[in-house]
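Colleague: I would like to learn how to read a model of this kind. Please take me through the features in turn.

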Amino acid sequence: MRIPDIATAARVLALGHYQPANVVSNDDLTKTMDTNDEWIQSRVGIKERRIAPPEESVEDMAAIAGGKALASSGLTPDDVDLVIVATCTLETQIPNAAAVVAHRLGIDSPGAFDVNAACAGFCYALATANAAVRSGGARNVLVIGAEKLSQWIDWTDRSTAVIFADGAGAAVVGPSETPGIGPVVWGSSGDKSDAIRIKDRDDYLRQEGQTVFRWATTALHPVALEACERAGVDPSELSAFVPHQANLRIIEAIARKLGADKAVIARDIVHAGNTSAASIPLALSRMLERGEVRSGGLALMLGFGAGLTYAGQVIEIP
Ligand code: UT7
């Protein structure tokens, strides 16, 4: 047996994102359901979200975000040998999204698989990409979080319809001389697996909001702190905190307990809604584009959602 030349470290080389053009405001939703802008803003923090048209698929959004990240990295499709798509909202289960997206981007014969860890999926996929590069399993990996929640939402159920949205975010991960992705802290609470679920093929996404809210505001800040500790980073050194964009009240509750005083807190939910596995790369890519965070700073990512699953790690912003 021979062991390949192994990269000692990996980093995020570039980010990219995509959102559907159609903006749906809270007032738009009041035309079809019993809700109001005040309730949505005060309980969830959302002002508007993007909803894809019927003909736009998860794979379409993933390919656009992935293509942007690849272009921004300066690499070519030939440089990528593994594609991972984190998603839980494909229209059909077969084929997987990663192989379709890779083909659309002209990436020839890469390893290609999807990860379903719901809203924690991007952090799981990023950890897997980091391990693949470091172990010699891949040179460069395209990691994408892409979701079309709108096709799994009951548009008469105001408790979910006002929250979830569509979009995609992507990262290119490649070898590095110095570490740019910290150790992942991940886990699950399967005892609460009923709290967010799609019961069968004819059902829609249902969630016990308060159960998940209580869990997210009590169980997750230790995960965030452990991800910092395992990366050797004090929370005061973070320049960004990018949690899953589930609810602004959850984001702010975890941020308070983290004590990351200098960090810019991602509040992308206000304009993007909850896009599950897409929310973290989408938020960070948009923050970078707006100049709210700088390249080289440290960002803590923290994903959590159905399963219930969670995962977090510190990265150096590309
Ligand atoms: O992304 C995956 C992870 N998911 C999460 O992290 C979600 C965590 N949970 C939450 O974010 C919140 O629990 C929700 C945003 C889902 C709900 O907020 P809440 O403050 O827990 O509201 P609630 O479910 O306790 O409902 C409070 C009231 C109820 O009315 P009554 O029974 O008090 O009269 C609901 O019927 O608000 C009512 N309500 C609404 N009113 C206006 C529920 N949805 C709406 C709505 N518009 N859209």
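Modeller: Begin with the elements: helices (H or I, at least four residues) and strands (E, at least two) are DSSP runs, numbered from the N terminus. L308 is found in the loop between strand 13 (298–305) and strand 14 (309–316). The peptide bond from G307 to L308 is cis, with omega near -10°.

Colleague: What should I know about the model and its numbering before going on?

Modeller: The model is predicted: local features need pLDDT of at least 70, side-chain atom pairs count only at pLDDT 80 or more, and totals for chains, interfaces and linings use all residues. Residues are numbered from 1 along each chain as its sequence is written, and side-chain values use heavy atoms, with hydrogens and water left out.

Colleague: Where is P95 placed?

Modeller: P95 is in the loop between strand 4 (82–86) and helix 4 (97–104). The peptide bond from I94 to P95 is cis, with omega near 0°. In the loop between helix 4 and strand 5 (111–115) is S109, which has a positive phi of about 55° although it is not a glycine.

Colleague: Which residues come nearest to the ligand?

Modeller: A residue is near a molecule if one of its heavy atoms lies within 4 Å of it. Of the 23 residues around the ligand, T35, Q210, H244, N247 and N274 come nearest.

Colleague: Which helix gives the most to the shell around the ligand?

Modeller: Helix 7 does, with four residues. Helix 2 (37–43), helix 6 (158–161), helix 7 (209–219) and helix 9 (248–258) each supply at least two residues of that shell.

Colleague: How do I read a polar contact?

Modeller: A polar contact is a pair of N or O atoms within 3.5 Å; within protein, one must be able to donate a hydrogen and the other to accept it, and residues adjacent in sequence count only if both atoms are side-chain atoms. A polar side-chain atom of Q210 lies 2.4 Å from an oxygen atom of the ligand. For N274 the distance from a polar side-chain atom to a ligand oxygen atom is 2.8 Å, and for R158 it is 2.9 Å.
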